[in-house]
Amino acid sequence: MVDKLKRTKIKQILSQGKSGEKLCAKGWVRTKRESKNVAFVALNDGSTIKNLQLVLDVPNVDESLLRKITTGASISAIGKLAESQGSGQSVELLVESIEVLGEANPDEYPLQPKRHSLEFLREIAHLRPRTNTFGALFRIQHEMAYAIHTFFHNKGFYHIHTPILTASDAEGAGETFKVTTLDLNDVPKTPEGEIDYKQDFFEKETNLTVSGQLEGELAALAVSEIYTFGPTFRAENSNTTRHLAEFWMMEPEMAFYDLEDNMDLAEEMLRYVVKHALEHCEDDLEFLNKRLLDEEKQKPQNQRSELSLLERLQFVAENEFERVSYTEAIEILKRSKPNQKKKFQFLIEEWGADLQSEHERFLVEKHFKKPVILYNYPKDIKAFYMRQNDDDKTVAAMDVLFPGIGEIVGGSQREERQGKLEQRMDEMNIPREELNWYLDTRRFGTVPHSGFGLGFERMIQFVSGMGNIRDVIPFPRTPGNCEF
Ligand code: 4AD
Ligand code: MG
């Protein structure tokens, strides 16, 4: 009978493999070094950032087969494990038989065993998962999602799916992508000359959701504590390193929570998730830490960050966040050096100003040197559903600001008082009829409640230290870019 060994994943081989054991490994070739008698092949299958070293006895391998073992080719190899002679690995596989599953012509395969720029890799986003950096990111984002689910499961929250197709714009920013089956070349019109959505699929105007919050509130006002974790879509034309048109948001919603409970939960969750990464993504974080240190070396001394990636993560996991009211933050910013010396692009002149990312990052990175939770924002720069404070000027909003990222979480206590909510909707020209279902929760058995949204990719950005959000989602969607 021919050898029909089941494949063993490389992660398992490297952590548990015993010398003398016969096994089968499969994966993609990272590098090959060859001399007259022996060839070393570094094989990676994505189960770990580490490669398995295959040792080939060159005189015993068919020459044409050997030539097909090139960077990017996929192979299946059977052999016996042996303690490694070389440094860098504990065991290596002494190959007895090897098969090339898929060739990768070296003249055409765009990934070479060297460091490619992230810009170049963005252009070949369909192949970049095969690099060390993107392999690490895949494993980290999986662990992060798992940690978030575990955190909420352990607290007794229920995970619910909120709709992706909706007729509402929860944030009221008007940045929605329209959803329609109407023929755009021949749009039906009403006698008044407006688009006749009655003839559209849902018989009304619809869009992709910008947030699952409003539906999440309906569920929380029945079963107390829920979270939704899904894709959200925003047609904002922001070409920044922190904005995507399609991103994933994790949104918990809790009955009987006030703003302080909400801040406590957000902080506990963020620190839990960062700690989880430190404990479960060691190899990948070590690689990214080194990657970042190398990158920093290219920068002038005064632009380098004070802490390494690993130190930053440790710091967040171990230290309490600073909590500051918007009003205090404005005072700090007004008096700050970059404001006095007119270094900010947007100068802070008076209370009520919307904070830009330069201000958020000043507070976090220069002033407090730790994550900051800002709360009680002016009502005019926040959404209609936030609870109005007694001062008539502010709402019970909170944003969590992280070093290198700026806003990572946005949330609030919700306006649970029907009259106050309706009054605010009227002021902001949000038609009550459209949100009748939402208002019903305030009509019937309303309770104080709160929630927040965590931008998943911004979280991955923080944990991985990647500078551009386009590099932490496998297939980024940004203005002018919707490949694959
Ligand atoms: O602050 P935002 O807009 O809050 C909401 O949507 C609320 N409905 C959440 C809630 O209370 N349930 O967005 C929440 C988070 C931001 O803090 C940010 O991390 C992320 O979502 N985010 C984006 N991430 C990537 N690209 C974008 N265009 C983003 N817009 C927001
Ligand atoms: Mg926000």
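This is a predicted model: local features need pLDDT of at least 70, side-chain atom pairs count only at pLDDT 80 or more; totals for chains, interfaces and linings use all residues.
Met249 stands opposite Gly455 of strand E16. As a reminder, strands in a sheet pair through backbone hydrogen bonds, in either a parallel or an antiparallel way.

**The sheet**

Now step back to see the sheet. It is open, has 8 strands and mixed pairing, and reads E6-E10-E11-E16-E15-E14-E13-E12 in order. Which strands stand at the edges? They are E6 (158-159) and E12 (322-325); each has a single partner strand, so one side of each lacks a neighbour in the sheet. Helix H9, made of residues 326-335, packs on this sheet and touches both E12 and strand E13 (372-378). The direction of H9 makes about 90° with that of E12.

**Two helices that pack**

Helix H9 has a helix to pack with as well. For H9 and helix H11 (residues 357-368), the angle is about 80° and the axes lie 11 Å apart. Angles from 65 to 115 degrees count as roughly perpendicular, and H9 and H11 are therefore roughly perpendicular to each other. Which residues make the contact? H9 brings Ala329, Ile332 and Leu333, while H11 brings His359, Phe362, Leu363, His367 and Phe368. Sorted by class, this contact has 6 nonpolar and 2 polar residues, with no charged ones.

**The cavities**

How many cavities of 30 Å³ or more does the structure hold? There are 2, and the table sets them side by side.

| Cavity | Volume | Lining residues by class |
|---|---|---|
| Largest cavity | about 90 Å³ | 9 nonpolar, 1 polar, 2 charged |
| Second largest cavity | about 40 Å³ | 3 nonpolar, 4 polar, 1 charged |

If you want to find the largest cavity in the model, look for its lining, which includes Ala125, Arg128, Pro129, Phe134, Leu137, Phe138 and Gln141. Asp471, Val472, Ile473, Pro474 and Phe475 also line the largest cavity. Around the second largest cavity you will meet Thr166, Ser168 and Ala170, along with Thr209, Val210, Ser211, Leu214 and Glu215.

Methods:
Residues are numbered from 1 along each chain as its sequence is written. Chains are lettered from A and ligands numbered from 1 in the order in which they are written. Side-chain values use heavy atoms; hydrogens and water are left out. Two strands pair if DSSP finds at least two bridges between them. Helices (H or I, at least four residues) and strands (E, at least two) are DSSP runs, numbered from the N terminus. Contact means heavy atoms within 4.5 Å. Axes are lines fitted to C-alpha atoms, for helices over the stretch in contact, and angles run from 0 to 180 degrees between N-to-C directions. On a 1 Å grid over the protein atoms alone, a cavity is a set of points where a 1.4 Å probe fits but cannot get out, and a pocket is an open set with protein on both sides within 12 Å along at least five of seven lines; lining residues have an atom within 4 Å of a point. Grid points are joined across faces, edges and corners, and a volume is the space filled by probe spheres set on the points. Ala, Val, Leu, Ile, Met, Phe, Trp, Tyr, Cys and Pro count as nonpolar, Asp, Glu, Lys and Arg as charged, and the others, Gly among them, as polar. Angles under 35 degrees count as roughly parallel, over 145 as roughly antiparallel, 65 to 115 as roughly perpendicular and the rest as oblique.
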